[in-house]
Amino acid sequence: MMENREQIMEQAEEAFLHTYNRYPVVLERGEGVYLYDTEGKKYLDFAAGIAVQALGYHYPGYDEALKSQIDRLLHTSNLYYNEPAAEAAGKLVKMSGMSKVFFTNSGTEAIEGALKAARKYTWAKGRKDAYEIIAMNHSFHGRSMGALSVTGNAHYREPFEPLIGGVRFADFNDLESVKAQFSDHTCAVILETVQGEGGIYPATEEFLKGVKKLCEEHDALLILDEIQCGMGRTGSLFAWQEYGVKPNIMTCAKALGCGVPVGAFLLDEKTAAASLAPGDHGTTYGGNPFVCAAVSKVLDIFEQDHIVEHVRKVGAYLESRLDALVNAYDCIALRRGKGLIQGLVIQGRPVNEIVLKSMDEGLLVITAGSDVLRLVPPLVITEEHVDEMVEKLERVLA
Ligand SMILES: *Cc1c(COP(=O)(O)O)cnc(C)c1O
């Protein structure tokens with residue numbers, strides 16, 4: 001076993017394809033909402049593995065559910081039925097109010113499925129020239145070729161062009177700009193209910209309702225990407241539920257399994273009835289018994305332990321503490337966000353310097369866009385953890 005931090009980082013860099021500039025820390029274990037590195041240093045975790053560890057680490061009952069599934073059955077393929085997948089699907093459909101679900105291994109694959117479902121829907125309706133997808137500038141939907149095609153960041157897209165055709169970009173929270181891209185060729189609009197990677201921008205109610213109306217007028221589908229903002233993070237199980245704007249297709253991943261690789265796309269009744277059919281889509285691993293045992297347990301915990309209600313309370317507290325920081329420090333221009341997905345816009349100093357200094361102070365935070373400090377802690381943090389985070393952050397900002 002390699003016990004030395006430098007040795008581990010060196011060996012990793014020797015073998016990994018260099019696609020990440022990693023922070024110089026080797027994480028070893030987690031407990032509650034804290035992480036520990038190989039040197040035994042403790043970090044308050046306000047990154048949660050990029051909004052994945054909604055229940056923190058070793059939440060009561062979670063490990064046991066996974067361990068007992070390992071002892072029974074890890075994988076079967078989707079050629080057969082298994083109980084954990086049936087259970088997880090039933091719970092997710094019920095709790096989301098959507099009609100049908102398809103499990104994937106990641107967020108980007110959930111987006112691929114959503115795009116295919118939308119294309120198949122208009123095709124099946126005989127509208128074969130209605131293939132255009134309207135996506136948003138500054139959006140992020142993943143790294144596979146299809147998801148990249150609808151990601152509103154030219155820097156991510158350009159080296160890989162040509163991507164899938166028929167994608168038009170509009171400005172988020174600018175209804176007129178979306179309207180300008182609509183035509184008889186429009187198949188679907190895809191957007192994040194709260195833009196994450198792009199800098200933590202919640203959709204305005206007027207915008208989301210307006211886009212939904214445009215979709216209905218043109219018989220186009222609304223795809224809401226809830227991969228980052230969903231699963232309780234904004235203070236409702238799915239962010240769109242607060243707006244009263246139900247998507248035709250929804251994507252979900254990150255916190256869905258709270259640490260196991262699983263995503264999903266869900267269809268409403270009308271879309272499910274006239275979209276993907278046997279032979280149109282598949283996955284070997286997707287929704288296997290192991291990851292579905294996790295999903296099933298996570299959804300039970302959310303319900304039994306009132307996780308979403310907790311987010312509403314602690315999220316309001318976090319907002320008030322962050323607003324005080326905005327007032328107190330010139331280097332923070334403003335706060336954006338909802339519940340436990342928050343961004344602080346940093347001015348006059350590099351945001352990455354704040355991230356690195358926070359690590360020295362024993363606090364993990366991440367960035368979004370070029371100048372936003374992103375806070376996406378486990379949903380189970382308490383007001384005391386918020387106070388501890390603010391204390392540490394103030395030492396960095398001072
Ligand atoms: C993370 C993310 C994705 C991609 O998910 P992966 O699991 O990394 O493929 C897609 N959309 C949004 C909004 C995300 O935050």
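In the predicted model, an oxygen atom of the ligand lies 2.6 Å from an N or O atom in the side chain of Lys254. Gly107 takes part through its backbone, with an N or O atom 2.8 Å from a ligand oxygen. A polar contact is a pair of N or O atoms within 3.5 Å; within protein, one atom must be able to donate a hydrogen and the other to accept it, and residues adjacent in sequence count only if both atoms are side-chain atoms. Taken alone, the ligand exposes 380 Å², of which the protein buries 81%. Accessible areas come from the Shrake-Rupley method with a 1.4 Å probe; for residues, only the protein chains shown count as cover. The ligand is surrounded by Ser106, Gly107, Thr108, Phe140, His141, Gly142, Glu192, Asp225, Ile227, Gln228 and Lys254, a residue being near a molecule or strand if one of its heavy atoms lies within 4 Å of it.

Residues are numbered from 1 along each chain as its sequence is written, and side-chain values use heavy atoms, with hydrogens and water left out. Because the model is predicted, local features need pLDDT of at least 70 and side-chain atom pairs count only at pLDDT 80 or more, while totals for chains, interfaces and linings use all residues.

Helix α4 (residues 83-96) has 14 residues and reaches 20 Å from its first C-alpha to its last, close to the 20 Å expected at 1.5 Å a residue. Helices (H or I, at least four residues) and strands (E, at least two) are DSSP runs, numbered from the N terminus, and the expected span of a helix is 1.5 Å times one less than its number of residues. In α4, the buried residues are Pro84, Ala85, Ala88, Leu92, Met95 and Ser96. Viewed down the axis of α4, these residues fall within an arc of 115°, so they line one face of the helix; the arc is that of the directions from the helix axis to the C-beta atoms. Glu83, Ala86 and Lys94 are exposed on the other side of α4. Buried means under 20% relative accessible area, exposed over 50%, and partly exposed in between (1.4 Å probe, protein chains only).

The buried residues of α4 pack against α3 (62-72), β4 (100-104), α10 (240-243), β11 (249-252), β12 (263-267) and α12 (289-304), where contact means heavy atoms within 4.5 Å. At the start of α4, a side-chain oxygen of Asn82 comes to within 2.9 Å of the backbone nitrogen of Ala85. The loop between α3 and α4 holds Thr76, which is buried at a relative accessible area of 17%. Leaving aside neighbours within four places in sequence, Thr76 is in contact with Asn82 and Pro289.

Strand β11 includes Ile249, a buried residue with a relative accessible area of 0%. Not counting residues up to four places away in sequence, Ile249 touches Met98, Ala114, Ala117, Ala118, Leu221, Leu222, Ile223, Leu224, Leu266, Leu267 and Thr271. The C-alpha atoms of Ile249 and Ser99 are 150 residues apart along the chain and separated by 9.7 Å.

Tyr59 is placed in the loop between α2 (48-51) and α3 and is buried, with a relative accessible area of 17%. Leaving aside neighbours within four places in sequence, Tyr59 is in contact with Ile301, Asp305, Ile307 and Val380. The side chains of Tyr59 and Asp305 make a polar contact at 2.5 Å.

Helix α13 (residues 307-328) has 22 residues and reaches 31 Å from its first C-alpha to its last, close to the 32 Å expected at 1.5 Å a residue. The buried residues of α13 are Ile307, Val308, Val311, Val314, Gly315, Leu318, Leu322, Leu325 and Val326, and they pack against α12, β13 (332-338), β14 (341-346), β17 (372-375) and α15 (383-397).

Most residues other than glycine have a negative phi, and most peptide bonds are trans. Ile50, found in helix α2, has a positive phi of about 60° and is partly exposed at 38% relative accessibility. Cys258, in the loop between β11 and β12, has a positive phi near 50° and is buried at 4% relative accessibility. A cis peptide bond, with omega about 5°, joins Glu161 and Pro162; Pro162 is in the loop between α7 (154-157) and β6 (167-170).
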